[in-house]
Amino acid sequence: MESFVHEEEDAAGHPVEATDLPDLTIDVRRDRYPFSIVWTSLPLITWIFPFVGHLGICTSDGKIHDFAGPYFVSVDNMAFGSPQRYWQVPLESIRRLRGGVRGWDIA
């Protein structure tokens with residue numbers, strides 16, 4: 001896990017405490033990918049077109065959200081199985097968002 005200098009300020013100019021920083025630990029066994037975009041293959045289609053797959057976006061606590069059907073967003077149960085690849089958004093990018101961590105979660 002990364003070590004951060006805790007002499008920072010949030011968007012409102014308040015000091016950021018060490019406890020305010022999120023845990024960025026990836027837990028593959030529990031399918032927890034904080035601040036990540038996850039990808040899994042689609043049966044048959046991905047075999048023919050390897051760049052095609054199913055995406056999900058993860059909250060700050062690592063829960064996966066994905067569109068699993070018409071008007072339905074699945075939480076912690078990806079429509080086509082567990083993620084096979086992931087990309088974790090750098091914490092510096094999250095901090096630049098309006099609302100920071102909370103802004104990421106409500107988006």
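**View 1. The β4-β5 pair in a predicted model.** Strand β4 (residues 53-58) pairs with strand β5 (residues 64-69) in the antiparallel sense over two bridges; two strands count as paired if DSSP finds at least two bridges between them. Helices (H or I, at least four residues) and strands (E, at least two) are DSSP runs, numbered from the N terminus. I57 has H65 in β5 as its bridge partner. Five residues lie between the strands of this hairpin, and G62 takes a positive phi near 95 degrees. Residues are numbered from 1 along each chain as its sequence is written. Because the model is predicted, local features need pLDDT of at least 70 and side-chain atom pairs count only at pLDDT 80 or more, while totals for chains, interfaces and linings use all residues; side-chain values use heavy atoms, with hydrogens and water left out.

**View 2. The β5-β6 hairpin.** Four bridges join β5 and β6 in the antiparallel sense. G69 has F72 in β6 as its bridge partner. The hairpin has two residues between the strands, and Y71 takes a positive phi near 60 degrees.

**View 3. The β3-β7 pair.** Strand β3 (residues 36-41) and β7 are antiparallel and share four bridges. The bridge partner of V38 in β7 is Y86.

**View 4. The whole sheet.** Five strands form an open sheet in the order β6-β5-β4-β3-β7, with antiparallel pairing. β6 (72-75) and β7 (85-88) are at the edges and have a single partner strand each, so one side of each lacks a neighbour in the sheet. Neighbouring strands are turned by 30 degrees against each other on average, direction ignored. Axes are lines fitted to C-alpha atoms, for helices over the stretch in contact, and angles run from 0 to 180 degrees between N-to-C directions.
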